[in-house]
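Please look over the sequence and the structure shown here before reading on.

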Amino acid sequence: MTPDLMDAGTERMAKHREVEALGRTASGGRSAGYSRVATPGEVDVTHGRILYLDDVSVSFDGFKAINKLSLDIAPGELRCIIGPNGAGKTTMMDIITGKTRPDEGSVFFGSTIDLLRHREAEIAQMGIGRKFQKPTVFEHLSVFENLEIALKTDKGVLASMRFRLGSAQSDRLAEVLHTIGLDASVSRQAGNLSHGQKQWLEIGMLLMQDPKLLLLDEPVAGMTDEETARTAELFLTLKGKHSLMVVEHDMSFIRTISEIVTVLCDGAVLAQGTLDEVQADERVIEVYLGR
């Protein structure tokens, strides 16, 4: 069954109708569905989507935080999520990462990995990284040591005691340092970095895990204008190599990085499109942007 999710975009649906008319699925004639066998460590993006949420709902003490939410993201896409406080943005990310279990609905990583069957640690190992608003780094360690700790290696006691950085790992660490713009600060204690630099370091720590999907919660909150601009450059660099879901309130930042913007309200998708399109939507103006 080809996933039929709300708000996937007019172009996607038109393409779906086209392939239906030819008597085959979007996967090129194979039976398409969530029942296909998953290869361990491999995310199946045959359908052109890396993340699916379908009719997801969750309530807390009678309050419906997420209400039949359907959303999907393409591989390499940078999706921006906006909406008023209490719209369900953080709860949505909690569900994706296994922190919260929904009452109903489906959540798939690619077309074969049912995230609702996995715990937080397993989901992280599969390639979904999450960054919270407040940076979390080891402040008494250097930038280099923070990135080294984040390497995707066996974290057992004996393995850690015997660990020696290999050439490929050194190259990867140097690559990430350059990507996050902290080459010149490699020996600095993380606690002495600026707020923006700590944010970049934490993103670098996630990148050391080689994630396929990054969830980033208000990444430029508290940054200077210069740091915000640098963060926009960083995200545009990551786009294509990774899929990114960015929750943010800074509309100038959103305009710099966005292609598709999804507006959440009352736990569901209110609107979706370019930033100009959603900013012109009367419903979005009423509940979020104001006049």
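## The largest pocket

The largest pocket has a lining of 22 residues, and those that lie nearest its centre are A124, G129, R130, L206 and Q209. The structure is a predicted model, and within this model the volume of the largest pocket comes to about 700 Å³.

Three elements, namely α3 (120-126), β6 and α7, each supply at least two residues of the lining, and α3 gives the largest share of the lining, with five residues. Sorted by class, the lining of the largest pocket consists of 12 nonpolar, five polar and five charged residues.

## The six-stranded sheet

An open sheet is formed by six strands, which follow one another in the order β6-β7-β8-β3-β9-β10 with mixed pairing. At its edges stand β6 (128-131) and β10 (268-273), each of which pairs on one side only, and from one strand to the next the twist averages 20°.

Helix α7, made up of residues 195-207, lies across both β6 and β7 and runs at about 165° to β6.

On the side of α6 the residues H178, T179 and I180 take part, and they meet R230, L234 and L238 in α8. By class, this contact of α6 with α8 has three nonpolar, two polar and one charged residues.

## The four-stranded sheet

Another open sheet has four strands in the order β2-β1-β4-β5, and its pairing is antiparallel. The edge strands are β2 (63-73) and β5 (113-114), and each of these pairs on one side only.

Strand β1, which spans residues 51-60, pairs with β2 in the antiparallel sense over seven bridges, and L53 has L71 in β2 as its bridge partner. Helix α2 (residues 89-96) packs on this sheet, where the helix touches β1, β2 and β4 (104-109), and its direction makes about 115° with that of β1.

Terms used: Residues numbered from 1 in each chain as written. Predicted model: local features only at pLDDT ≥ 70, side-chain atom pairs only at ≥ 80, totals over all residues. Heavy atoms only, no water. Pairing = 2+ DSSP bridges. Axes fitted to C-alpha atoms, helices over the stretch in contact; angles between N-to-C directions. Contact = heavy atoms within 4.5 Å. Nonpolar A, V, L, I, M, F, W, Y, C, P; charged D, E, K, R; others polar. 1 Å grid on protein atoms, 1.4 Å probe; cavity = no way out; pocket = protein on both sides within 12 Å on 5 of 7 lines; lining within 4 Å. Points joined across faces, edges and corners; volume = space filled by probe spheres on them.
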